[in-house]
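Look at the sequence and the structure below. The paragraphs that follow go from the whole chain to some of its parts.

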Amino acid sequence: MSEGLVQRRTAAAAASAAASSSSNQLAAAGSGAANQLSDSRTGSFDDDEKGSFRLTLMEEVLLLGLKDREGYTSFWNDSISSGLRGAILIELALRRRIDLEPPGARRRTLDSRRVVCLSDRLVGDALLDEALRHIRETETPENAECWIQYLSGETWNPLKLRYQLRNVRERLAKSLVEKSVCTTEKQSFVVFDMTTHPLVDGQAKLAVIRRAQDCLLSRWQADPQRMDRRSLALLYLAHASDVLENAFGSLSDEDYLLVTGRMRQLLQLDFDAEGAKDGACAMIWAVAK
């Protein structure tokens, strides 16, 4: 065999190996991009577990309900109390501290699936850790609705009153002050004085509002399982707390009609079926129900 032919065959083999290596790298990159896209659609449990978000769901719901200049929620809003307790349960579930029992033959509905503790590792947030301790120490597991009532103190069972979380709004407001989102002032209401927490970081509240809007506009997904978990939870919690309208005030008439129509679609879903699907955060659907 001539020396030139050997050289040509060697060069061809090297080129083939290089092309194969490049193809493998492109395939790996494509797979990584697909996984990243999937995480961005569904929300990453890992990010939630690490607590890498600046504000908790409770703080976001309270922020939507706070009047910017006055620094307090509406006196006529009786729904925000239970909404904040529901936010605590979802936040703990997203951080993999609690969950619902898996569905079964006798546990098909969300009401029949009890809240169970997955980990007693503290979160580092006083409210979340207090709620986690109550759930861990209870002798008889209860469903999500019962826990919202217990944490709100809305129960006729005197033995369950010890589970009540007190001064939740004030504690969350102080947390927002510590994060430089709000400040603390004293306001006189003729017959009494009240500590208020006016907004100082408008961008923080605007970010929450935009996330709620984008979830129903530019990032809308017909399949709720493909939506970002925290954004989906925020929508349901804000609706339950009667503060969702505060996120839609800046929309045009056309966009407002669009988001309210899509929100109605979310509210008309079969929550039991959605909570039983693989990969679903069942606690979101249990609280929304």
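The chain contains twelve helices and four strands. The model is a predicted one. The chain has 289 residues, and 43% of them count as buried. Its exposed surface comes to about 15,700 Å², of which carbon and sulfur atoms supply 49%. Contacts can also be sorted by distance along the sequence: among those between residues at least 6 apart, 67% join residues at least 24 apart.

Start with helix H3, residues 57-65. Nine of its nine residues are buried, so H3 is largely enclosed by the rest of the structure. A residue counts as buried when its relative accessible area is under 20%. The buried set in H3 includes Leu-57, Met-58, Val-61 and Leu-62, but also Glu-59 and Glu-60. What do the buried residues of H3 pack against? Their partners are H4, H5, H7, H8 and H9.

Helix H4 covers residues 80-94 and helix H7 covers residues 168-178. Their axes lie 10 Å apart, and the helices pack at an angle of about 60°. That angle makes H4 oblique to H7. On the H4 side the contact is formed by Ile-80, Ser-81, Leu-84 and Arg-85, which meet Val-168, Arg-169 and Leu-172 of H7. Sorted by class, this contact has four nonpolar residues, one polar residue and two charged residues.

Helix H5, residues 126-137, also meets H7. The axes of H5 and H7 come within 10 Å and cross at roughly 140°. H5 is therefore oblique to H7. Here Ala-126, Leu-127 and Glu-130 of H5 are in contact with Val-168, Arg-171 and Leu-172 of H7. The classes in this contact are four nonpolar, no polar and two charged residues. Val-168 and Leu-172 of H7 take part in the contact with H4 and in the contact with H5.

The last stop is a pair of strands. Strand E3, residues 185-188, pairs with E4 in the antiparallel sense over four bridges. One of the bridges can be located by its residues: Ser-188 has Asp-193 in E4 as its partner. Between the strands of this hairpin are four residues, and Val-190 takes a positive phi near 65°.

Which residues of E4 are on the covered face, and which on the uncovered one? Met-194 and Thr-196 are on the covered face of E4, whereas Asp-193 and Thr-195 are on the uncovered face. In a regular strand, side chains alternate between the two faces of the sheet.

Terms used:
Residues numbered from 1 in each chain as written. Predicted model: local features only at pLDDT ≥ 70, side-chain atom pairs only at ≥ 80, totals over all residues. Heavy atoms only, no water. Axes fitted to C-alpha atoms, helices over the stretch in contact; angles between N-to-C directions. Helix = DSSP H or I, 4+ residues; strand = E, 2+ residues; numbered from the N terminus. Parallel < 35°, antiparallel > 145°, perpendicular 65-115°, else oblique. Contact = heavy atoms within 4.5 Å. Nonpolar A, V, L, I, M, F, W, Y, C, P; charged D, E, K, R; others polar. Buried < 20%, exposed > 50% of the residue type's maximum accessible area, 1.4 Å probe, protein only. Areas by Shrake-Rupley, 256 points an atom, 1.4 Å probe, with all protein chains shown as cover. Pairing = 2+ DSSP bridges.
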